[in-house]
Amino acid sequence: MHQWSIQEHSLPLKYTWKITQGQADYKTNYTVRVQSEQKFALGEVAGVTQSEIDKLYNIQDIFSTLKLDLHRPDFSLESLQIPTPLRFALSSAWMALQARQQSVTVSSLLGLSDVNSVPTSYAIPILPLKEIGPFIEQYNLQRFSVLKIKVGSPDAMACCFEVSQHFNGPLWIDANEAFQDHMQVLDFLFKVKNLPIELVEQPLPRLAFSEYKKLKSKSPFPIFADESLQDQDIPKAWQQYFDGVNIKTMKSGSYQQAILQMEQAKQLEMRVMLGCMVETSLGISAALNIASLADCFDLDGFLYFEKDPFELLIEQNGNVCRNSVSTP
């Protein structure tokens, strides 16, 4: 008999996290717990609103009726009308419990190689120009191999030049759908084309595929999808729109769907970024279980918290590493 429960966590951030869609000083995440006899495992829910959780008035009924398949828990969850982050929390907790009971790793259960450390980018939130340099210095961001710049359309160019004055490495640009059409994006990109920009993530609205087609053919930098990709499969037509995809387990809803998306992207000769929401080390350590399939990593979300409640990961010289002395 498996016992399930859910717990809320109110998590203060080190600083105001501001992107195009809004800003926050703390995050409300959740953990689900599954226990069988003396063993238990946890999964994280990140990127959902309080109202979405409140709608799950029958969540205890969901827990009481869960009968998950050993290797494909996502099959049992697809019919449930619940947010994809909760689906991932349930399925990842289940897989973690199976791995613990068998004394193996989750990666090995998934047929993948174990990965214990990866280099990550670090994202700079939208800031006033005069605060960018002090922010990079205060948090010693020179130790990261890549900085990701969150931009809004009015100040995008100025922000990029300001960051480049204080950071010597390559840059990733993340606009979170801030621009309205491909010409607006191209005007911005050609103004910054001499900066060491490696990619541009989701500059246009998620469903503006005709605009992405025009943009990809003319952009001086690779274009990556983020918000455009949720839990759906990646169609062949996306070759016309994007050079890469940012895959997040909270959006995919399960390891299995995230793996499928990674494989589909590779078949379409698209690069795969493994990303995250603002998650604790619980959620991001789960993402590391499929890291062997990714080309690059944006797994810095746990570093934004004043205190990570799980401490499953540590950051060393810009690398995210498993913390072997901590167990959830």
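Author: Let's start with Ser254. Leaving out residues up to four places away in sequence, Ser254 touches Asp74, Phe88, Ser91 and Thr249. Keep in mind that this is a predicted model.

Reader: Where is Ser254 found?

Author: In the loop between α10 (249–252) and α11.

Reader: And is Ser254 buried or exposed?

Author: Buried. Its relative accessible area is 2%, and the cut-off for buried is under 20%.

Reader: Now Leu288. Which loop is that in?

Author: Leu288 sits in the loop between α12 (281–287) and β12. Its relative accessibility is 0%, so Leu288 counts as buried.

Reader: What does Leu288 touch, not counting residues up to four places away in sequence?

Author: Val115, Val118, Leu299, Leu313, Val320 and Arg322. Asp114 is 174 residues from Leu288 in sequence, yet their C-alpha atoms are 8.3 Å apart.

Reader: Let's talk about the core. Which residues touch the most other members of the largest nonpolar core?

Author: Leu147, Val245 and Leu299, out of 105 residues in that core. Helix α4 gives the largest share of this core, 10 residues.

Reader: What does Leu147 touch?

Author: Not counting residues up to four places away in sequence, Leu147 touches Tyr122, Ile124, Ile136, Leu141, Val163, Phe167, Pro170, Leu171 and Trp172. A second, separate core has 6 residues, including Val146, Trp172, Leu199 and Cys296.

Reader: Switching to rings. How many aromatic pairs does the structure hold?

Author: It holds 14. Take Tyr122 and Tyr304. Their ring centres are 5.7 Å apart and their planes are at 80 degrees, so this pair is edge-to-face.

Reader: Where are Tyr122 and Tyr304 in the chain?

Author: Tyr122 is in strand β5 (residues 122–124). Tyr304 is in the loop between β12 (296–297) and β13 (313–316). Tyr122 and Tyr304 are both buried.

Reader: Give me another pair.

Author: Phe135 and Tyr139. This pair is tilted, with 4.9 Å centre to centre and 55 degrees between the planes. Phe135 is buried, and Tyr139 is buried too.

Reader: Which residues do ring pairs link into a cluster?

Author: Tyr15, Trp17, Tyr122, Phe135, Tyr139, Phe144 and Tyr304. Both pairs we discussed have their residues in that cluster.

Reader: What sits over the ring of Phe40?

Author: Two charged ends do. That of Arg33 is 4.0 Å from the ring centre. That of Arg100 is 5.8 Å from the centre of the Phe40 ring.

Reader: Backbone next. Which residue other than glycine has a positive phi?

Author: Ser103 is one of them, with phi of about 55 degrees. Ser103 is in the loop between α4 (84–102) and α5 (106–109). At 67% relative accessibility, Ser103 counts as exposed.

Reader: Zoom out. How many helices and strands are there in the protein?

Author: There are 12 helices and 14 strands. The radius of gyration is 20 Å, close to the 20 Å that the globule rule gives for 328 residues, so the protein is as compact as a globular protein of that length. The C-alpha trace spans about 60 × 45 × 40 Å along its principal axes.

Reader: How many of the residues count as buried?

Author: 57% of the 328 residues. The protein exposes about 14300 Å², and carbon and sulfur atoms supply 48% of that.

Reader: Last one. What share of contacts between residues at least 6 apart in sequence join residues at least 24 apart?

Author: 67% of them do.

Definitions and conventions:
Residues numbered from 1 in each chain as written. Predicted model: local features only at pLDDT ≥ 70, side-chain atom pairs only at ≥ 80, totals over all residues. Heavy atoms only, no water. Phe/Tyr/Trp six-rings, centres within 6.5 Å; stacked < 30°, edge-to-face > 60°. Helix = DSSP H or I, 4+ residues; strand = E, 2+ residues; numbered from the N terminus. Buried < 20%, exposed > 50% of the residue type's maximum accessible area, 1.4 Å probe, protein only. Lys NZ or Arg CZ within 6 Å of the ring centre and 35° of its normal. Rg over C-alpha atoms; globule rule 2.2 N^0.38 Å. Contact = heavy atoms within 4.5 Å. Areas by Shrake-Rupley, 256 points an atom, 1.4 Å probe, with all protein chains shown as cover. Core = buried A, V, L, I, M, F, W, Y, C linked by side-chain atoms within 4.5 Å.
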